[in-house]
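Please consult the sequence and structure shown here.

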Amino acid sequence: MASSLRIGVVFLLAVFAFFQASCSSEQEHTVLKMGHALPTDHPVHEAIVFFANRVAELSSGKIQVDIYPGAQLGSEREMMELLQIGSLAMTKVSSSPMESFVPEMKVFSMPYVFRDSEHYWTVLNSEIGRDLLTAGESVRLRGLAYYDAGARSFYSVKKPIQTPSDLAGLKIRVQKSQTSIRMVNTLGGAGTPVSFGELYTALDQGVVDGAENNPPSFEKSRHYEVAKYYSLNEHTYVPDIVLISTYVWDRLSDQEQVWLQQAMDESVEYQRVLWTEATEQALQRVREAGVNVIYPDKTLFSEKVEPMYESVKGQPAYDLIKKIKKMGAPR
Ligand code: GCU
């Protein structure tokens, strides 16, 4: 009895200490730390700056969001772990590495689930999208919104990827997600997880032969300086997700939660406009820098990954994928 009481007290003290570290509040002034992995000229970072400014405006300076970009607080996985213990208030991650915390998230890393950007946004804004956003609450990760992260495609250093057979023998960097590893392996390559911050060097030194990402991230990370073939096979649409630790969220007043959510929703609209521009610009810039942009036959890739759907039979992702594929499908 006494020892369980002691454990309870220690736990409460730890939670309190972590909360203090992530969110300092002095006389109605709350500072929320937010970390992410992308560079400061990336459209996602620009949207987060917009969010932080709107939060300050709406709350008349009572809430301040301090942004730590460029993975200076750790990898996306590490930042999610910091949210879980309450020592970081907010983060923006890709939904791929989130699947280790929230298994339902793997639907986003399954290839060719979405037909196009319109289908993807219809699903994100539907009940399915909303439910997925809060599916991580039980593990202390509450989603506030999705940001557009477009479609991901392969890029390679030595030779172009025109068909899945071109992936044979190639080490392709993926995010820390079992589904992404399996996708590359099913296509014939060797899926190799490397953190985003270490990827430029890994490509440059031949640790991996290629990677996969959306056009703005390919360009802003400068991976195109090393990888001169970009093959727009668009295998996945993996949204970015803005997360807040439930330790922090639950301590905010109703009014503060409304301010945060409103600022977030407005930043989503802004980010979608930025995203379209950044995608066009990125493709133009990488072409100008000598990248060979290839438009392969996507059906060769989508047919090859068909067996992946059967492999998740019996898991929640299977039914979700079925529902998603039916949504807005032409009759
Ligand atoms: C995208 C995504 C990032 C992620 C990156 C990656 O750019 O927006 O959150 O870190 O992909 O491939 O690691």
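## The shell around the ligand

By class, two nonpolar, four polar and five charged residues form the shell around the ligand (Ala, Val, Leu, Ile, Met, Phe, Trp, Tyr, Cys and Pro count as nonpolar, Asp, Glu, Lys and Arg as charged, and the others, Gly among them, as polar). Among the residues that surround the ligand are Leu-38, Phe-196, Asn-213 and Asp-240. Domain 1 (2–95 + 117–148 + 239–282) and domain 2 (151–237 + 285–326) both contribute residues to this shell, so the ligand lies between them; the domain bounds come from an automatic or database domain assignment.

The model is predicted: local features need pLDDT of at least 70, side-chain atom pairs count only at pLDDT 80 or more, and totals for chains, interfaces and linings use all residues. Residues are numbered from 1 along each chain as its sequence is written, and side-chain values use heavy atoms, with hydrogens and water left out.

## Polar atoms and burial

A polar side-chain atom of Glu-76 lies 2.5 Å from an oxygen atom of the ligand. For Lys-92, a polar side-chain atom is 2.6 Å from a ligand oxygen atom, and an N or O atom in the side chain of Ser-217 lies 2.6 Å from an oxygen atom of the ligand. Taken alone, the ligand exposes 320 Å², and the protein buries 97% of that (accessible areas by the Shrake-Rupley method with a 1.4 Å probe).

## The largest cavity

The lining of the largest cavity has two nonpolar, five polar and two charged residues. Among the lining residues are Ser-96, Met-183, Glu-212 and Val-238 (a cavity is a set of points on a 1 Å grid over the protein atoms alone where a 1.4 Å probe fits but cannot get out, and lining residues have an atom within 4 Å of a point).

How values were computed. Near = heavy atom within 4 Å. Polar contact = N/O pair within 3.5 Å; in protein donor to acceptor, adjacent residues only side chain to side chain. 1 Å grid on protein atoms, 1.4 Å probe; cavity = no way out; pocket = protein on both sides within 12 Å on 5 of 7 lines; lining within 4 Å.
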